[in-house]
Amino acid sequence: LDNFIQLAQRISAWSFLRPIFCGGPDEKEFGDYLKQHIPDSGPNLIGHTTLIELVSIISKAHFVIANETSAVHIAAAVDTASICILGGGHFGRFVPYQVEGNIQSEMPNAVYTYKDCFGCDWERPCLPREDKTTVVPCIRDISVEQVMEHVQPHIEKANNRMN
């Protein structure tokens, strides 16, 4: 969550863009935490949208930043740029996309730090078995700077649209 806060703060500092938080009902506390730490953000819609509403929000977004969730796949379906913070549990199964032919739509831009345990099916061999709360290293080790490298072109594009 703290990395998402840093991302949102940097994006807000470099552009007119304000994050909108989306997610399922089980993630409401995360949205409250994010909103508390990013008071000038857009609305916290976590737990308050239907799937159809989420599709509409994503289709109107300048870009999406998310872990490997439905949001990045919806973004690809509605031709919205997305940055996928990708762990190794199902690496290659869904993201990065294996595209055949000349596809003109936006595909998820995967940001990851490759580890030997990629493809673990989220069995978490990198952590003690009893530890169910620690963020796995393949996600934890992705830096805000790595993500910002992929976000920066989208910020510039959004800023240029507004000029």
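Which residues of strand E2 (residues 82-85) are buried on one side, and which on the other? In this predicted model, both faces of E2 are covered, with Ser 82 and Cys 84 buried on one side and Ile 83 and Ile 85 buried on the other. In a regular strand the side chains alternate between the two faces of the sheet.

Strand E2 pairs with two other strands. Strand E1 (residues 64-67) runs parallel to E2 and is joined to E2 by four bridges, and the bridge partner of Asn 67 in E2 is Ile 85. Between these two strands the chain passes through helix H4 (residues 70-77), and the β-α-β crossover that leads from E1 to E2 in this way is right-handed. Strand E3 (residues 109-111) is likewise parallel to E2, to which three bridges join it, and here Ile 83 stands opposite Asn 109 of E3.

Helix H1 (residues 2-14) contains 13 residues, which at 1.5 Å a residue should span 18 Å, and the distance of 19 Å between its end C-alpha atoms agrees with this expectation. The buried residues of H1 are Ile 5, Leu 7, Ala 8, Ile 11 and Ser 12; seen down the axis of H1, these buried residues fall within an arc of 160 degrees, and they therefore line one face of the helix. An α-helix has 3.6 residues a turn, so residues three or four places apart point the same way. The cover over the buried residues of H1 includes helix H2 (28-37), E1, E2 and helix H6 (144-162).

The largest nonpolar core comprises 15 residues, of which Ile 11, Phe 63, Val 147, Met 148 and Val 151 touch the most other members. At least two residues of this core are supplied by each of H1, E2 and H6, and H6 gives the most, with six residues. When neighbours within four places in sequence are left aside, Phe 63 is in contact with Ile 11, Leu 17, Thr 80, Ala 81, Ile 83, Val 151, His 154 and Ile 155. Apart from this core lies another, of 12 residues, among them Ile 58, Ile 74, Val 95 and Ala 110.

Tyr 114 and His 62 are separated by 52 residues in sequence, and their C-alpha atoms lie 28 Å apart in space.

Notes
Residues are numbered from 1 along each chain as its sequence is written. This is a predicted model: local features need pLDDT of at least 70, side-chain atom pairs count only at pLDDT 80 or more; totals for chains, interfaces and linings use all residues. Side-chain values use heavy atoms; hydrogens and water are left out. Buried means under 20% relative accessible area, exposed over 50%, partly exposed in between (1.4 Å probe, protein chains only). Two strands pair if DSSP finds at least two bridges between them. A crossover is right-handed if, with the strands pointing away from the viewer, the path from the first strand over the helix to the second runs clockwise. The expected span of a helix is 1.5 Å times one less than its number of residues. The arc is that of the directions from the helix axis to the C-beta atoms. Contact means heavy atoms within 4.5 Å. A nonpolar core is a set of buried Ala, Val, Leu, Ile, Met, Phe, Trp, Tyr and Cys residues joined through side-chain atoms within 4.5 Å.
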